[in-house]
Amino acid sequence: MARKKIEDGYKTPQDRYRAQNIKRMEIKLDIKTDGDILAQLEGIANKQGYIKSLIRQDIKKDATNIQK
């Protein structure tokens, strides 16, 4: 049985899950002004995990500063 095309209005369970639970974010980095960031990210295999861990560290630091 061939998979129905999305153009026909059919969405897979994965498509429905993503639509309800996933938010995609994008950043643009300039090669000239953000070269240091790009160089750092080049050596990272899991860029998404790396960026998420940095953000979570920042959130934790901010929470600690607010409690003081």
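What share of the 68 residues of the protein counts as buried? The share is 6%, where buried means under 20% relative accessible area, exposed over 50%, and partly exposed in between (1.4 Å probe, protein chains only).

A word on the ground rules: this is a predicted model, in which local features need pLDDT of at least 70 and side-chain atom pairs count only at pLDDT 80 or more, while totals for chains, interfaces and linings use all residues. Residues are numbered from 1 along each chain as its sequence is written, and side-chain values use heavy atoms, with hydrogens and water left out.

The protein has three helices and zero strands, giving the order α-α-α from the N terminus on. Helices (H or I, at least four residues) and strands (E, at least two) are DSSP runs, numbered from the N terminus.

Let us start with Thr 12, in the segment before helix H1 (13-21). Thr 12 is buried, at 9% relative accessible area, and its side chain reaches the backbone nitrogen of Asp 15 at 3.0 Å.

Asp 15 also takes part in one of two salt bridges in the structure. A salt bridge here is a side-chain nitrogen of Lys or Arg within 4 Å of a carboxyl oxygen of Asp or Glu.

| Salt bridge | N to O distance |
|---|---|
| Asp 15 and Arg 18 | 3.9 Å |
| Lys 61 and Asp 58 | 3.6 Å |

Asp 15 and Arg 18 are three residues apart in helix H1, so about one helical turn separates them. Lys 61 and Asp 58 are likewise three residues apart, in helix H3 (residues 47-67), and so about one helical turn lies between them. Lys 61 is partly exposed at 48%, and Asp 58 is partly exposed at 38%.

Terms used. A polar contact is a pair of N or O atoms within 3.5 Å; within protein, one must be able to donate a hydrogen and the other to accept it, and residues adjacent in sequence count only if both atoms are side-chain atoms.
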